[in-house]
Number of protein chains: 2
Amino acid sequence: MNLAMIQAAATRLQGHARHTPLLSAPLLDRIAGRRILVKAECLQWTGSFKFRGGWAAVSALPVGTKGVIAYSSGNHAQGVALAASRHGLSCVILMPSDAPKVKIANTRAYGAEVVLYDRAGDDRDALGSTIAEERGLVLIKPFDNAEVIAGQGSIGLEIAQDFEDDAQVLTCCGGGGMTAGVALALEGRMLVRPCEPEGFDDTARSLISGQRERNAALSGSICDAIVTPSPGELTFPILQRLCGTGLVVTDDEVQRAMALAFEHLRIVIEPGGAVALAAALFRPELPDTVIAVASGGNVDSALFAQVLSRYGA
Amino acid sequence: MNLAMIQAAATRLQGHARHTPLLSAPLLDRIAGRRILVKAECLQWTGSFKFRGGWAAVSALPVGTKGVIAYSSGNHAQGVALAASRHGLSCVILMPSDAPKVKIANTRAYGAEVVLYDRAGDDRDALGSTIAEERGLVLIKPFDNAEVIAGQGSIGLEIAQDFEDDAQVLTCCGGGGMTAGVALALEGRMLVRPCEPEGFDDTARSLISGQRERNAALSGSICDAIVTPSPGELTFPILQRLCGTGLVVTDDEVQRAMALAFEHLRIVIEPGGAVALAAALFRPELPDTVIAVASGGNVDSALFAQVLSRYGA
């Protein structure tokens with residue numbers, strides 16, 4: 001993995017992914033006590049940065065590829081589905097049968113065939129392998145895939161292009177695909193720091209211990225989109241080499257960040273996409289200027305209404 | 001008023017107003033049955049296009065101007081306040097004492113001195129004139145001001161720059177400042193059509209009758225930000241010369257548009273800013289491609305939560 005791969009992915013993304021704006025608001029800066037720029041990836045196609053990685057991976061496939069397959073109940077599913085359909089490739093997404101109906105419907109609407117499996121009874125990986133083999137589909141993993149990392153890295157290139165001063169860049173970190181890509185893109189230019197929700201800080205702990213630590217639980221955070229068991233095999237060495245220490249925020253801070261982004265930036269951020277902004281707002285030890293990646297905005301309307309009722313002005 | 005004035009205003013706005021993105025979503029287009037691009041002015045500084053007109057008017061004042069004054073409880077107040085403070089000018093905003101506390105607080109936070117008046121007992125215009133005279137302040141009207149119209153017109157220049165095909169442009173129309181500016185900017189290029197809420201369709205009726213009609217009521221719409229008694233003196237002749245027929249939407253359609261923008265575009269639009277999108281989504285007689293200006297996103301969190309609860313997916 002290197003800068004050239006990211007630049008190549010960015011070239012393939014040109015005219016297809018949206019160059020998202022860096023938003024800010026004087027009243028938000030006042031609350032934070034520092035200057036905050038928000039890279040609004042919630043405005044990306046399919047509502048999250050995952051479209052970048054999906055497009056980068058799909059567009060790197062050799063001519064003659066029949067189609068792709070992915071396991072995801074969320075943002076990766078939608079990003080891969082739209083990227084595949086725009087390339088005229090068939091796409092199968094394996095989703096748990098208890099996934100929210102809206103997510104299933106949206107993934108189908110982006111042109112994918114959704115295959116549901118039972119979380120308790122079915123072996124997802126075995127099922128996926130069988131389908132992939134029978135139909136000749138290529139598996140696109142959500143973060144441990146070099147082209148996916150390169151695609152997410154295009155966020156870093158855009159940040160470097162749009163902001164010339166110095167800043168720390170805060171990312172919402174699950175498996176570390178976006179964090180690794182952005183860190184590579186900004187190497188020697190800006191320090192990237194992964195942000196995680198309390199109780200699911202595998203990356204922060206791994207960066208301290210020097211080995212891939214695991215989370216005790218696999219669910220139970222409001223930030224479900226970025227809960228992964230541990231940093232990826234491909235991503236962790238990159239994070240270890242390039243990233244600053246991790247930042248950890250509470251679910252309460254995440255929801256306050258969502259409400260403040262609503263009020264002052266007029267964007268919709270999902271909990272997993274608000275972790276970096278929460279750190280930017282509420283961690284006192286940060287420098288004067290930070291760039292927080294708001295990585296996605298696919299949030300259930302009932303949950304968002306609840307957050308506004310509790311944390312709104 | 002002519003294109004040159006708008007271009008001059010746009011030059012003064014360069015680097016100060018945000019060039020807002022044209023957003024779209026495949027799933028939104030599917031619901032509408034046409035291609036919809038949303039000019040996301042809710043992402044503008046202070047959360048609405050009013051910052052453009054405020055900046056254009058303030059930056060056109062002669063050197064030595066002491067300060068400005070405006071009457072507004074909403075978006076115009078915040079736009080003028082921030083524009084004035086960034087120019088180092090003092091700014092007085094007259095607001096009714098029953099205006100929402102958040103709006104008063106935000107206007108103050110942008111650097112303005114807020115003078116409250118009693119809607120029932122005080123004569124706002126007399127009070128404003130007295131303060132303006134005593135302190136030597138220049139009044140900035142919300143729409144019947146040539147520089148304000150020119151500033152709002154910069155939206156049209158950006159649309160022409162970002163979208164090369166043909167489309168009708170739908171605007172949220174109150175006094176008609178933005179509609180007039182955009183129509184002038186796009187003259188001979190795209191047809192602009194003003195959109196209004198049911199019961200407050202003074203502009204639509206005026207365009208039919210050929211004279212400035214008045215609304216029966218001055219309040220009572222969810223779209224409070226764009227409720228004005230009648231089209232402006234300066235704006236109406238421009239609308240009459242350049243605009244297509246008006247479009248009228250229901251409060252129900254406005255709220256559905258807000259919920260759909262939340263879900264598919266991940267932006268926050270206030271009711272008055274969702275009127276054009278509602279028309280784009282729900283008026284069958286429109287062409288295949290329309291550009292809807294989402295003019296603002298300053299909406300109370302409790303109201304937004306209510307809209308999501310009722311109209312969310």
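Trainee: What makes up the secondary structure of chain A?

Mentor: Chain A comes to 13 helices and 10 strands, where helices (H or I, at least four residues) and strands (E, at least two) are DSSP runs numbered from the N terminus. This is a predicted model, in which local features need pLDDT of at least 70, side-chain atom pairs count only at pLDDT 80 or more, and totals for chains, interfaces and linings use all residues. Residues are numbered from 1 along each chain as its sequence is written, and side-chain values use heavy atoms, without hydrogens and water.

Trainee: Why does the radius of gyration of chain A agree with a compact globule?

Mentor: The rule is 2.2 Å times the number of residues to the power 0.38, over C-alpha atoms. For 313 residues a compact globule would have a value near 20 Å, and chain A has 18 Å, which agrees.

Trainee: What share of chain A is called buried?

Mentor: Buried means under 20% relative accessible area (1.4 Å probe, protein chains only); 62% of the 313 residues in chain A are buried.

Trainee: How many residues put chain A in contact with chain B?

Mentor: Contact means heavy atoms within 4.5 Å, and 38 residues of chain A meet 38 residues of chain B on that basis.

Trainee: How many salt bridges does the rule find across the interface?

Mentor: The rule asks for a side-chain nitrogen of Lys or Arg within 4 Å of a carboxyl oxygen of Asp or Glu. Between chain A and chain B it finds zero.

Trainee: Which element gives the largest share of the side of chain A that touches chain B?

Mentor: That is α13(A), with five residues.

Technical notes: Chains are lettered from A and ligands numbered from 1 in the order in which they are written. Buried means under 20% relative accessible area, exposed over 50%, partly exposed in between (1.4 Å probe, protein chains only).
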